[in-house]
Amino acid sequence: MNMDWKDALAGLLPDDYTPADESTPTDETAAKPCNDRLHVILDRKGRKGKTATIISGFTIADEEVEQLAAKLKRRLGTGGSARGGEILIQGDRVDDVLKALTDLGYKAVKN
């Protein structure tokens, strides 16, 4: 009795198990962007001369802002944070942030 590994694993699943549909939206496509215009600015104030890119103008929940910040940081390969309804991305990344936000379906302008 030679079982295939897929059959062996299938035997471990409950009888009422149904696999998730392949067309289920992923984390990237499931988020619905807000319809507001986001403002992307370059800032140095209060950062000991270090440059930061600030994204403001969100009307979505703080946890959604944090999720977007995580996506942007991963995509841009940089550090940052989300607090107070704003996202801070380390460094002068205004153009990169504008492109990333547009690709994710947000309306963003450079200030």
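User: How many bridges join strand 1 to strand 2, and do they run parallel or antiparallel?
Analyst: In this predicted model, strand 1 and strand 2 (residues 52–56) are joined by 5 bridges and run antiparallel.

User: Which residue is the bridge partner of Val40 in strand 2?
Analyst: Val40 has Ile55 as its bridge partner there.

User: And strand 5, how many bridges join strand 1 to it?
Analyst: Strand 1 (residues 37–43) and strand 5 (residues 107–110) share 4 bridges, and this pair runs parallel. Within strand 5, Ala108 stands opposite Leu38.

User: Switching to helix 3. Which of its residues are buried?
Analyst: Val65, Leu68, Ala69, Lys71, Leu72 and Leu76 are the buried ones. Looking down the axis of helix 3, they fall within an arc of 165°, so they line one face of the helix.

User: What exposed residues are on the face turned away from that buried side?
Analyst: Glu63 and Arg74.

User: How far apart are the end C-alpha atoms of helix 3?
Analyst: They are 21 Å apart. That agrees with expectation, because 15 residues at 1.5 Å a residue should span 21 Å.

User: What comes just after helix 3?
Analyst: Gly77, with a positive phi of about 65°. Thr78 is also found in the loop between helix 3 (62–76) and strand 3 (80–83).

User: What does the side chain of Thr78 reach?
Analyst: The backbone oxygen of Gln90, at 3.3 Å.

User: Which residues is Thr78 in contact with, leaving aside neighbours within four places in sequence?
Analyst: Thr78 is in contact with Lys73, Ile89, Gln90 and Arg93.

Definitions and conventions: Residues numbered from 1 in each chain as written. Predicted model: local features only at pLDDT ≥ 70, side-chain atom pairs only at ≥ 80, totals over all residues. Heavy atoms only, no water. Helix = DSSP H or I, 4+ residues; strand = E, 2+ residues; numbered from the N terminus. Polar contact = N/O pair within 3.5 Å; in protein donor to acceptor, adjacent residues only side chain to side chain. Contact = heavy atoms within 4.5 Å. Expected span 1.5 Å × (residues − 1). Buried < 20%, exposed > 50% of the residue type's maximum accessible area, 1.4 Å probe, protein only. Arc of directions from axis to C-beta. Pairing = 2+ DSSP bridges.
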